[in-house]
Amino acid sequence: MKKIGLLSDTHSYLDEAVFTHFENCDEVWHAGDFGSIDVVERLKDFKPFRGVYGNIDGKDIRTECPEHLRFNCEGVDVWMTHIGGYPGRYAAGVKAEIIKNPPKLFICGHSHILKVQYDPKLALLHLNPGAAGKQGWHKVRTLMRFDLDLGEIKNLEIIELFNR
């Protein structure tokens, strides 16, 4: 079993509370729009790390993180990308592949809208952790924690940070 801390859209602001909320996590995942290579480095220094670059991220971050990351963790097929859409409205850049070869867990950022949605047609769970940074139109900054265990996604928690 692995406990995962998930965040996105930090836009150069990494709240110290992230380290407290993810203290017991085995890995930290970031779904893009870091905003600063410092955010990448601090997360990498904290825990085993996986991340994808977002549309605002520069060459330094794009060198460290891919656009798409597909991997298996604890028996769960995971696909993480920054701009991916959601069930019923997948982004053009991922739609054909997601229909052809759906993962069990599809993670995106970009919208700053926290979303947990199951796609019964593709038998996948879509997660968007919302935005952990201060930049954007969202009113509440959010994170997620969950467990991956023997092919199952369990114990999903939504964490609200202080308002923007």
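Over the ring of which residue does the charged end of K47 sit? Select K47 and F46: the charged end of K47 is over the F46 ring, 5.4 Å from its centre. (That label needs NZ of Lys or CZ of Arg within 6 Å of the ring centre and within 35 degrees of the ring normal.)

Before moving on: this is a predicted model, where local features need pLDDT of at least 70, side-chain atom pairs count only at pLDDT 80 or more, and totals for chains, interfaces and linings use all residues. Numbering starts from 1 along each chain as its sequence is written, and side-chain values use heavy atoms, leaving out hydrogens and water.

Next, pick R50 and F71. Here the charged end of R50 sits over the F71 ring, 4.0 Å from its centre.

(Rings of Phe, Tyr and Trp, using its six-membered ring, pair if their centres lie within 6.5 Å; planes under 30 degrees apart are stacked, over 60 edge-to-face, the rest tilted.) W29 is in strand β2 and F71 in strand β4, so the pair ties together parts 42 residues apart in sequence. (Strands are DSSP runs of E, at least two residues, numbered from the N terminus.)

Ring pairs link W29, F71 and F146 into a cluster.

Buried or exposed, what is W29? W29 is buried, at 0% relative accessibility. (Buried is under 20% relative accessible area, exposed over 50%, partly exposed in between, with a 1.4 Å probe and protein chains only.) F71 is buried at 10%, and F146 is buried at 0%.

Technical notes. Helices (H or I, at least four residues) and strands (E, at least two) are DSSP runs, numbered from the N terminus.
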